[in-house]
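These are my notebook entries on a protein model. I set down what I looked up, entry by entry.

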Amino acid sequence: MAEDLKLNPPEMLPPVGCPLLIQVEEARVVRASRTSYIADKSRQMEYLLESGETLLGRFWWTYP
């Protein structure tokens, strides 16, 4: 699935509160949304997954 998507690099900040697809493993892409703004671009971002799990980090991403 991930190889068919045009993913944006982790350095490119995705919008907050918008449905996203993030790549969490090489071949695994999950539905998520970024939950909050960050103070500066070097910080980790928080994502809420469709499952209710929260992830911190930077991921390759795109819109669904």
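How many aromatic pairs does a search of the whole structure find? I found two aromatic pairs in the whole structure, where rings of Phe, Tyr and Trp (its six-membered ring) pair if their centres lie within 6.5 Å, with planes under 30 degrees apart counted as stacked, over 60 as edge-to-face and the rest as tilted.

Entry 1, the pair of Tyr-47 and Phe-59. I noted ring centres 5.5 Å apart and planes at 75°, so this pair is edge-to-face. The pair links distant parts of the chain, with Tyr-47 in strand 3 (residues 45-49) and Phe-59 in the loop between strand 4 and strand 5, 12 residues apart. Strands here are DSSP runs (E, at least two residues), numbered from the N terminus. From C-alpha to C-alpha I read 9.7 Å between Phe-59 and Tyr-47.

I worked from a predicted model, in which local features need pLDDT of at least 70 and side-chain atom pairs count only at pLDDT 80 or more, while totals for chains, interfaces and linings use all residues. Residues are numbered from 1 along each chain as its sequence is written, and side-chain values use heavy atoms, with hydrogens and water left out.

The average pLDDT (the predictor's confidence in each residue, from 0 to 100) is 92 for the protein, and 95% of the residues score at least 70.

I took buried as under 20% relative accessible area, exposed as over 50% and partly exposed as in between (1.4 Å probe, protein chains only). Trp-61 has 3% and is therefore buried, whereas Tyr-63, with 44%, is partly exposed. Phe-59 is buried because its value is 14%.

Leaving aside neighbours within four places in sequence, I listed its contacts (heavy atoms within 4.5 Å); among them are Asn-8, Pro-10, Ile-22 and Tyr-47.

Which strand holds Thr-62? I placed Thr-62 in strand 5; at 12% relative accessibility this residue counts as buried. A polar atom of the Thr-62 side chain lies 3.3 Å from the backbone oxygen of Lys-6. Not counting residues up to four places away in sequence, Thr-62 touches Leu-5, Lys-6, Leu-7, Asn-8, Leu-20 and Leu-21.

How values were computed. Helices (H or I, at least four residues) and strands (E, at least two) are DSSP runs, numbered from the N terminus. A polar contact is a pair of N or O atoms within 3.5 Å; within protein, one must be able to donate a hydrogen and the other to accept it, and residues adjacent in sequence count only if both atoms are side-chain atoms.
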